[in-house]
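Dear colleague,

I am handing over the structure below, and the notes that follow set out what was found in it. Please read them alongside the sequence and the coordinates.

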Amino acid sequence: MQLITQAQELWKKLVWTWNPGSDKEAGDAIVKNVLLHWFPNKISRRSLSWSYSFWLGTMSFVLFVILTVTGVILMFLYIPSVERAYASVKDLEYVVSFGWLLRSTHRIAAHLMVAVVFLHMVRVFLTGAYKNGKAVGSNRPLNWIIGVGLLLLTLLLSFTGYLLPWDQLAFWAITVGTNIASSAPLVGEKIRFLLLGGSFIDQGALLRFYVLHVFFLPAILVFLFAWHMWRIRKDGGLAVTEHEA
């Protein structure tokens, strides 16, 4: 009996932040739990409802996790070489066991993430959640700007991933994209040269877009996402809490 009691006490110590027994414990849990520290210690039931936010932000995060997991696995199978990139993608589809499922999951999740992040921004705009609130330290316009940055990063991730199969679609997408970049005043040609790693579309271009896709863009996105979630906490939660006040 004593052993059972000790086990129960140990379990409570491990999970008390997820199941607080009082308002004080709830406040302490938000500070001491790394995951919960992103969220306010008190939120309205309305702010959690499907009809208000459609959970689009949560879906965006889940899709990013799926993309990260499948993308890491794909890194072991994809070869970023102009001679072997296309063949490695075809091997993934027709030779590797369940490779077609892995690539399809990654690709569909990428398309869905672009759509869901865009819809999330539309929802925030239509509900006025970008407007500043009454909470101390609230700065929702700043979080809106961070959200715009996350949308742009999502589009860039989709674009750079679109190029990696190195087929005709990828080649002409790089051509159009870098030509658009070169049209920027003063620094356009330098930006194009930096993206291509030279004057022509070859190995340097593929390697640069690959590194952008698997490292730099995801790293920036994770940083902005953490900042985005922290700002939600500082702003006092979703804007609906103040609309109902």
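From the N terminus on, the elements run α-α-α-α-α-α-α-α-α-α-α, that is, 11 helices and zero strands, where helices (H or I, at least four residues) and strands (E, at least two) are DSSP runs numbered from the N terminus. Please bear in mind that this is a predicted model, in which local features need pLDDT of at least 70 and side-chain atom pairs count only at pLDDT 80 or more, while totals for chains, interfaces and linings use all residues. Residues are numbered from 1 along each chain as its sequence is written, and side-chain values use heavy atoms, with hydrogens and water left out.

Overall form

The radius of gyration, taken over C-alpha atoms, is 23 Å, whereas a compact globule of 245 residues would have a value near 18 Å, by the rule of 2.2 Å times the number of residues to the power 0.38. Along the principal axes, the C-alpha atoms fill a box of roughly 70 × 50 × 30 Å. Of the 245 residues, 36% count as buried, a class that means under 20% relative accessible area, with exposed meaning over 50% and partly exposed in between (1.4 Å probe, protein chains only). The protein exposes about 15500 Å², of which carbon and sulfur atoms supply 71%; these areas come from the Shrake-Rupley method with a 1.4 Å probe, and for residues only the protein chains shown count as cover. If one takes contacts (heavy atoms within 4.5 Å) between residues at least 6 apart in sequence, 65% of them join residues at least 24 apart.

The largest pocket has a volume of about 1300 Å³. Lining it are 47 residues, of which Phe-39, Thr-58, Met-229, Ile-232 and Leu-238 are the closest to its centre. For the terms, the search uses a 1 Å grid over the protein atoms alone, a pocket being an open set of points where a 1.4 Å probe fits, with protein on both sides within 12 Å along at least five of seven lines, and lining residues having an atom within 4 Å of a point; grid points are joined across faces, edges and corners, and a volume is the space filled by probe spheres set on the points. At least two residues of this lining come from each of α2 (23-32), α4 (56-75), α6 (99-126), α7 (140-163) and α10 (203-234). By class, the lining of the largest pocket divides into 30 nonpolar, 13 polar and four charged residues, where Ala, Val, Leu, Ile, Met, Phe, Trp, Tyr, Cys and Pro count as nonpolar, Asp, Glu, Lys and Arg as charged, and the others, Gly among them, as polar.

The second largest pocket holds about 960 Å³ of space. Its lining has 36 residues, and the closest to the centre are Leu-74, His-106, Gly-161, Leu-164 and His-213. Two or more lining residues are given to the second largest pocket by each of α4, α5 (85-94), α6, α7 and α10, and its lining has 22 nonpolar, nine polar and five charged residues.

Individual residues

Most residues other than glycine have a negative phi. Trp-166, however, has a positive phi of about 55°; it sits in the loop between α7 and α8 and counts as buried at 15% relative accessibility. Leu-186, with a positive phi near 70°, is in the loop between α8 and α9 (188-196) and counts as exposed at 87%.

Thr-178, in helix α8 (residues 168-182), is buried, with a relative accessible area of 1%. Beyond its neighbours within four places in sequence, Thr-178 is in contact with Arg-192, Leu-195, Leu-196 and Phe-209. Thr-127, by contrast, belongs to the loop between α6 and α7 and is partly exposed at 26%.

Best regards
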